[in-house]
Amino acid sequence: MPEQPEQNTPADDNASEKPGGGHGNLTFFIIGAIVAAIATALILPSVLEKEAALSIFHGIGIGGEVFLRALMMMVVPLVIASVMSGILGLGDVRKLGKPGLTAVAYYLCTTVLAVVVGLIIVNIINPGADGGAVASSEEIVVTPTDKTHLLEKLETQTGMEKEKIAKILPGLEGGLPGKEPTIWTILGNLVLMLFADNLLHAAATTNLLPLIVFAIIFAGMLTTMGKRVSAITEIISQANEAMMSFVMLLMRIAPIGIFCLVASKFGEAQTEGQFLAVIKSTSGFIITVLLGLGFHALVTLPAIYYFFTRKNPYVFIKSMSRALLTAFSTASSSATLPVTMECAREAGISRRSTDFVLPLGATINMDGTALYEAAAAIFIANLDPNVTLTFVDQIVIAVTATLAAIGAAGIPEAGLVTMLIVLNAVGLSPEYIGSILAIDWLLDRFRTATNTLGDSIGAAIVDKSFED
């Protein structure tokens with residue numbers, strides 16, 4: 001096979017892992033920004049009138065939105081450039097087989113483990129089972145008098161059209177056509193979401209999976225064409241370097257952007273009286289989810305990391321702290337992807353692994369989401385006095401939560417819609433989903449951080465499977 005340009009040799013990998021060295025104190029600045037943001041969110045509403053506090057938080061939110069959009073606008077070009085660069089760095093696309101299988105096996109196993117952890121902990125704590133949670137959640141639960149009202153509520157929450165919601169939840173169709181989604185429906189969706197009939201539309205909607213598939217196929221083809229496409233391969237390599245430099249430039253304003261994101265979201269919730277009050281009324285469920293996520297992030301994933309690498313997992317987690325804090329602040333794995341890739345390279349993971357594994361992981365590896373949805377389904381079942389879940393029902397929840405979490409990237413408003421699919425699989429009423437929506441924005445930050453950590457550890461493990 002003709003020799004490829006040496007844009008991604010191991011020596012280049014080591015060289016590319018050092019540019020972020022000037023960010024040594026950035027993690028502490030980000031931690032300080034989060035602490036200051038939460039303090040601001042709690043203090044301002046107590047010293048200012050409601051309207052004045054809301055105006056301030058809305059203004060602060062603009063700064064956060066600018067930072068979030070700056071991150072998001074990099075995601076598509078970064079994913080395409082990095083995946084292609086990673087494939088080209090192999091020199092022979094056939095070398096992708098073992099790392100690819102390792103990555104898929106890792107994603108599936110850790111997602112299943114996360115669901116199992118979530119189900120065990122939610123059955124031990126059993127939030128909402130004492131009946132008190134029902135009474136305390138009545139103020140925040142969506143209690144429509146008819147299906148039309150509930151459809152309107154869900155339309156407001158998700159931004160989706162009522163017809164689309166009715167197709168996903170035929171129990172709410174109210175005369176609208178729809179077919180009840182099954183596990184086979186979800187599996188079919190997973191296959192279809194690998195491909196897009198319009199790549200520009202996929203890029204415009206940040207639908208990353210078909211873009212990744214295209215990038216792998218296109219770059220694999222380039223590896224077979226030798227010097228005839230040397231100019232293209234060089235452009236791809238240089239574009240990838242430029243995008244990572246852009247990431248490091250954007251990180252200079254990260255503490256400011258993160259302060260704005262956290263302060264505006266927490267501040268608006270506190271001003272509306274929905275922060276501390278909602279946490280108190282759903283404390284059992286919040287504790288359950290946080291314990292589950294904490295166990296998976298600090299025990300399960302580190303054990304897997306140590307088993308395969310024989311390195312201290314907590315040192316690695318510390319090296320990824322900037323990405324984890326950004327994930328907590330943005331509540332978006334995709335928006336955090338540029339920072340995750342930078343931190344992973346600084347942590348010693350080769351460019352071949354970060355460029356291939358992390359974009360794919362940010363799209364389909366959703367450990368935290370799967371754990372959350374499994375626990376939430378049990379919690380909602382406990383809120384409904386007319387429901388008793390059997391062991392078989394919990395198995396169905398586990399399977400559906402796993403598949404729905406993997407398929408979340410291909411579904412608009414992924415969190416709510418996949419939750420509705422899980423509830424529908426075991427016949428649970430969506431009327432109690434309001435008790436989840438009320439604190440979803442908060443728990444979403446913790447599960448996103450867990451997702452990001454899972455992606456990073458996956459990159460470290462898959463890195464061992466690449467041939468030198």
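Me: Is helix α16 buried or exposed?
Reply: Good place to start! In this predicted model, ten of the ten residues of α16, which covers residues 321-330, are buried. The helix is therefore largely enclosed by the rest of the structure.

Me: Which residues of α16 are the buried ones?
Reply: They run S321, R322, A323, L324, L325, T326, A327, F328, S329 and T330.

Me: And what follows α16?
Reply: That would be A331, and its phi is positive, near 55°. A331 is a residue other than glycine, and its place is in the loop between α16 and α17, where α17 is residues 333-346.

Me: Is A331 buried or partly exposed?
Reply: Partly exposed, because its relative accessibility is 22% and buried means under 20%.

Me: Which other residue has a positive phi although it is not a glycine?
Reply: N126 is one of them, with a phi of about 55°. You can find N126 in the loop between α4 and α5, with α5 at residues 132-137. At 32% relative accessibility, N126 counts as partly exposed.

Me: OK, new topic. Which helix holds S319?
Reply: S319 belongs to helix α15, residues 313-319. With a relative accessibility of 29%, S319 counts as partly exposed.

Me: What is S319 in contact with, leaving aside its neighbours within four places in sequence?
Reply: Two residues: C343 and A347.

Me: How far apart are S319 and C343 in sequence and in space?
Reply: Along the sequence they are 24 residues apart, while their C-alpha atoms lie 6.9 Å from each other in space.

Me: Let's talk helix pairs. How are two packed helices described?
Reply: By the angle between their axes and the distance between the axes.

Me: So how do α4 and α18 cross?
Reply: Helix α4 is residues 97-125 and helix α18 is residues 351-364; their axes come within 11 Å and cross at roughly 30°. Angles under 35 degrees count as roughly parallel, so α4 and α18 are roughly parallel to each other. The crossing of α4 past α18 is right-handed.

Me: Which residues make that contact between α4 and α18?
Reply: From α4 there are P99, G100 and Y107, and from α18 there are F356, V357, L360, G361 and I364. By class, six of the residues in this contact are nonpolar, two are polar and none is charged.

Me: What about α19 and α20, how do their axes cross?
Reply: The axes of α19 (residues 367-383) and α20 (residues 391-406) cross at roughly 145° and come within 8 Å. Here α19 passes α20 in a right-handed crossing.

Me: Which residues meet there, and how many are charged?
Reply: On the α19 side you have T369, A370, E373, A374, A377 and I378, which meet Q394, I397, A401, A404 and A405 of α20. The contact of α19 with α20 has one charged residue, along with eight nonpolar and two polar ones.

Me: Zooming out, how many helices and strands does the chain have?
Reply: The protein chain has 22 helices and zero strands.

Me: How much of the chain is buried?
Reply: Of its 468 residues, 55% count as buried. As for the surface, the chain exposes about 20,200 Å², and carbon and sulfur atoms supply 63% of that.

Me: Last one! Among contacts between residues at least 6 apart in sequence, what share joins residues at least 24 apart?
Reply: For this protein chain the share is 81%. The pair S319 and C343, 24 residues apart in sequence, is in contact too.

Key:
Residues are numbered from 1 along each chain as its sequence is written. This is a predicted model: local features need pLDDT of at least 70, side-chain atom pairs count only at pLDDT 80 or more; totals for chains, interfaces and linings use all residues. Side-chain values use heavy atoms; hydrogens and water are left out. Axes are lines fitted to C-alpha atoms, for helices over the stretch in contact, and angles run from 0 to 180 degrees between N-to-C directions. Helices (H or I, at least four residues) and strands (E, at least two) are DSSP runs, numbered from the N terminus. Angles under 35 degrees count as roughly parallel, over 145 as roughly antiparallel, 65 to 115 as roughly perpendicular and the rest as oblique. A crossing is left-handed if the near helix is turned anticlockwise from the far one by less than a right angle, and right-handed if clockwise. Contact means heavy atoms within 4.5 Å. Ala, Val, Leu, Ile, Met, Phe, Trp, Tyr, Cys and Pro count as nonpolar, Asp, Glu, Lys and Arg as charged, and the others, Gly among them, as polar. Buried means under 20% relative accessible area, exposed over 50%, partly exposed in between (1.4 Å probe, protein chains only). Accessible areas come from the Shrake-Rupley method with a 1.4 Å probe; for residues, only the protein chains shown count as cover.
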